[in-house]
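This report walks through selected features of one protein model. Keep the sequence and the 3D view open while reading.

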Amino acid sequence: MISHNVSPNDPRLRLPDEDGISKAVAELEQGRLVAFPTETVYGLGADATNDHAVASIYEAKGRPKFNPLIVHVPDLQAARRYALFTPLAEQLADKFWPGALTLVLPRKADCPLSLLVSAGLDSVAVRVPNHPIADQLMEGSGLPVAAPSANRSGGISPTQAVHVLQSWPDVNAPGPQVILDGGPCAVGLESTVIDVTTERPTLLRPGGISVEEIEKSAGKVWHADGAPDRPRSPGMLARHYAPGLPVHLNAPSAKRGGALLGFGPGIQEADRNLSPEGDLKEAAANLFAMLRTLDSRQFTSISISPIPNAGLGLAINDRLRRASTL
Ligand code: TXA
Ligand code: MG
């Protein structure tokens, strides 16, 4: 819910001067959230290599699902550390970066980015934003920055710093403690998202750069069927990482020969525990990595303890339900 009752003197709002930037860099380095301007919309940023920091993004947004997030990098060379570029991807990056184009690419095998930014997919969305403040943040921290638009889930993307405050009026709720004010965003529309993991480039979300413009460089761009702003059309969802083993939800214990992925205290003989303290943020941070670990020949199934269906638990359960039915 948007609150219009916010103060322009809120201490979270910071000018992007030396002080403001170094405070924001310190927040990122410590695994906390920073709202910052890009040329498209304001982003809610976190260290993309830190599972807990990325989990805080979902927590703060109140997202009911783990949608994959865009990773922001300073240039093409940095992007190559995380993702595989085909000649077509190189060509698009050359032409449109920095700018409002996000490329979905295969993750490199040794990719150090959190699995949570990919929501379990074997692809990653990357973009080089065209904004001096975003640049200073990435250069100052040396970190890739995962950032969805800086609004609560279902809200409208913010194009001014004060819009970000309206999403998090309560300073004590999980949200950014630093909001860099860079004035209004020049583009004001999210980036165009193109999937180049497929043989044919596919439009996943229309945005700041028109398809016509992209087609001048890329040739024909295909449209994903299904609603825009969805990671993939349902038929393509099989590419979502799902364990090869059968998954049983709300399980009190492991099946014979199977593994138990526990949650919370008092779970005996769990092979892994998403969070022994019952902390949903910790569970979200561990989810994809632990599922991958347990999905091995050593076991015949994966049973998962009940997880409360509130807060981040909604997204965790959504993801697990899909893992158990695929
Ligand atoms: O302009 C923008 O893109 C802004 C600024 C902050 O950069 N960011 C933004 O992020 O709009 P977000 O999280 O609100 O939107 C990310 C979009 C979603 O439609 C998501 O489904 C898609 O990118 N996406 C991200 N990673 C993906 C992946 N691996 N495969 C398919 N789609 C992906
Ligand atoms: Mg958004």
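## The cis peptide bond

P98 sits in the loop between α4 and β5. Helices (H or I, at least four residues) and strands (E, at least two) are DSSP runs, numbered from the N terminus. W97 and P98 are joined by a cis peptide bond, with omega about -10°.

## Basis and confidence

This is a predicted model, in which local features need pLDDT of at least 70 and side-chain atom pairs count only at pLDDT 80 or more, while totals for chains, interfaces and linings use all residues. Residues are numbered from 1 along each chain as its sequence is written, chains are lettered from A and ligands numbered from 1 in the order in which they are written, and side-chain values use heavy atoms, leaving out hydrogens and water.

pLDDT is the predictor's confidence in each residue, from 0 to 100. Its mean over the protein is 90, and 93% of the residues reach 70 or more. Residues 226-240 have pLDDT below 50. Beyond near neighbours in sequence, that stretch has 27 contacts in the model. Contact means heavy atoms within 4.5 Å.

Helix α4 covers residues 87-96, and A89 lies in it. A89 is buried, because its relative accessible area is 0%. The scale is simple: buried means under 20% relative accessible area, exposed over 50%, and partly exposed in between (1.4 Å probe, protein chains only). Leaving out residues up to four places away in sequence, A89 touches L103, L105 and V196. A89 and V196 are 107 residues apart along the chain, yet their C-alpha atoms are separated by 6.6 Å.

How do α4 and α7 cross? The axes of α4 and helix α7 (residues 211-218) come within 10 Å and cross at roughly 125°. That angle makes α4 oblique to α7. Axes are lines fitted to C-alpha atoms, for helices over the stretch in contact, and angles run from 0 to 180 degrees between N-to-C directions. Angles under 35 degrees count as roughly parallel, over 145 as roughly antiparallel, 65 to 115 as roughly perpendicular and the rest as oblique. The crossing of α4 past α7 is right-handed. In α4 the contact uses L88, Q91, L92, K95 and F96; in α7 it uses E213, I214, S217 and A218. Five of these residues are nonpolar, two polar and two charged. Here Ala, Val, Leu, Ile, Met, Phe, Trp, Tyr, Cys and Pro count as nonpolar, Asp, Glu, Lys and Arg as charged, and the others, Gly among them, as polar.

## Helices α1 and α5

Helix α1 (residues 18-29) and helix α5 (residues 132-141) have axes that come within 9 Å and cross at roughly 55°. The two are therefore oblique to each other. α1 passes α5 in a right-handed crossing. A crossing is left-handed if the near helix is turned anticlockwise from the far one by less than a right angle, and right-handed if clockwise.

From α1 come I21, A24, V25, L28 and E29, which meet I133, Q136, L137, G140 and S141 in α5. This contact of α1 with α5 has six nonpolar residues, three polar and one charged.

## Helices α2 and α8

The axes of α2 and α8 come within 8 Å, crossing at roughly 120°. α2 is thus oblique to α8. The crossing of α2 past α8 is right-handed. D51, H52, A55, S56 and E59 of α2 make the contact with K281, E282, A284 and A285 of α8. Three of the contact residues are nonpolar, two polar and four charged.

S56 lies in helix α2 (residues 51-61). Leaving aside neighbours within four places in sequence, S56 is in contact with G31, L33 and K281.

S301 is found in the loop between α8 (280-294) and β15 (302-304). At 5% relative accessibility, S301 counts as buried. S301 touches L245, P246, H248, K255, G257, G258 and A259, not counting residues up to four places away in sequence.

A119 is not a glycine but has a positive phi of about 50°. A119 is in the loop between β5 and β6 (123-127), and counts as buried at 0% relative accessibility. E269 is also a residue other than glycine with a positive phi, near 55°. E269 is in the loop between β13 (259-262) and β14 (272-273). E269 is exposed, with a relative accessible area of 75%.
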